[in-house]
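Dear colleague,

I am handing over the structure we spoke about, and below it you will find what came out of going through it. Please read the notes with the coordinates open beside them.

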Amino acid sequence: MRVVDRAIVRLLPTVPRPVVQRLSARYIAGPTLDDARRTVAGLNAEGKMATVDVLGEVVTRPEEAEAIASAYHSALDAIAGDHLDANVSVKLTALGLQIDLDLCRSLLATVVADATARGIFVRIDMEDSSCTDDTLLLYRELREAGRDNVGVVLQSCLRRTLADADALADLRPSVRICKGIYVEPPSIAYQGRDQIRENFVHVLDALLEAGCHVAVATHDEWLLERALERVAEMSRDEYELQMLLGVREERASQLVAEGHRLRVYVPYGEKWYEYSLRRLQENPSLAGMLAKAAVLRAVPGRN
Ligand code: FDA
């Protein structure tokens, strides 16, 4: 990220919430499960798969974590009931990871058991580095308990990630590889674009070498090309490409037309704010969007 961009990103928390909501509407299916159902059905009609995320993270009370788990049960019910080509993505802080590891473990187990019964896959998202060890631990526990419909995420910005990929290899895990969105210090994370890209490719190679199923989650054309070179000789079921709702949709359609399996991350729910900030901070047009929003706010009768 360029210095000027960092300055703009720092301004984001001062932007009024209604403006954030308007600017980030493209990234979120809507507030309700019905919004997610419609969005996923539309994506499926375009030949794209989906992964459904119930928005919400870093809950502070057990009841909130239980409510999120319950929302996942409803989402699984909808996916099965509507015969959608979709799985779910779960954030462990939303299931209480920062309240109590055992609470999180037990809520995750119920979500995974429900998904197993319906033949649906569960991807455990990766959050900031304070969650990495616990996330990998809970993932390993599930796999060692025989839950094969669960996958994990590795972030190429973290210096530890290649070692994590090696340590997971005995499980032949299903791994989503992404750059990582959380701001981490240089002591544990690469800061430069090129290093993060290079590590992405190293981790991808290590995962493929270990026979893992990989989900390559990026909109970065340079990385997409490196990934496409690597999967060129593989059968289409051995890997998938992943993108976020509202990002590079035409490129996603092109990849589907070329015969790749592509999954779109579909978040829905009332707790849209944190997710929206993360997406806006990655939008190269953020400065222009904020300038336009400020101009529109200054026009009487607008916003
Ligand atoms: P980069 O940010 O360089 O984007 C490449 C290009 O894509 C940009 O130049 C722009 O054209 C376009 N673009 C990207 N973001 C945009 C936006 N918001 N608005 C408009 N255009 C945009 N991270 C994490 O830490 N844990 C996780 O579990 C996940 N899960 C996850 C799932 C999926 C399906 C995806 C695609 C991504 C994640 N991520 C994630 C986020 C990931 O770590 C990373 O922050 C983003 O994908 C952005 O990085 P890119 O590789 O896309 O490159």
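A salt bridge is counted here when a side-chain nitrogen of Lys or Arg lies within 4 Å of a carboxyl oxygen of Asp or Glu. In this model, which is predicted, Glu57 and Arg278 form such a pair, with 2.8 Å between the closest N and O atoms.

As to the domains, the assignment for the protein chain gives domain 1 as 1-28 + 274-303 and domain 2 as 33-268, and their centres, taken over C-alpha atoms, are 26 Å apart. Nine residues from domain 1 and 12 residues from domain 2 take part in the contact. About 1,000 Å² is buried between domain 1 and domain 2, with 59% of that area on carbon and sulfur atoms, and 50% of what domain 1 buries against domain 2 is supplied by Ile28, Tyr275 and Arg278, more than by any other three residues.

Between the two domains the count is one salt bridge, and there are two residue pairs in polar contact, both at pLDDT 80 or more. The side of domain 1 that touches domain 2 is made up, by class, of three nonpolar, one polar and five charged residues.

I also looked at Thr51, which is placed in strand E1 (residues 49-54) and is buried, because its relative accessible area is 1%, where the cut-off for buried is under 20%. The side chain of Thr51 makes a polar contact with the side chain of Asn87 at 2.6 Å, and, leaving aside residues up to four places away in sequence, Thr51 also touches others, among them Arg176, Arg263 and Tyr265.

How values were computed
Residues numbered from 1 in each chain as written. Predicted model: local features only at pLDDT ≥ 70, side-chain atom pairs only at ≥ 80, totals over all residues. Heavy atoms only, no water. Domains from an automatic or database assignment. Contact = heavy atoms within 4.5 Å. Buried area = accessible area lost by both parts, 1.4 Å probe. Polar contact = N/O pair within 3.5 Å; in protein donor to acceptor, adjacent residues only side chain to side chain. Nonpolar A, V, L, I, M, F, W, Y, C, P; charged D, E, K, R; others polar. Helix = DSSP H or I, 4+ residues; strand = E, 2+ residues; numbered from the N terminus. Buried < 20%, exposed > 50% of the residue type's maximum accessible area, 1.4 Å probe, protein only.
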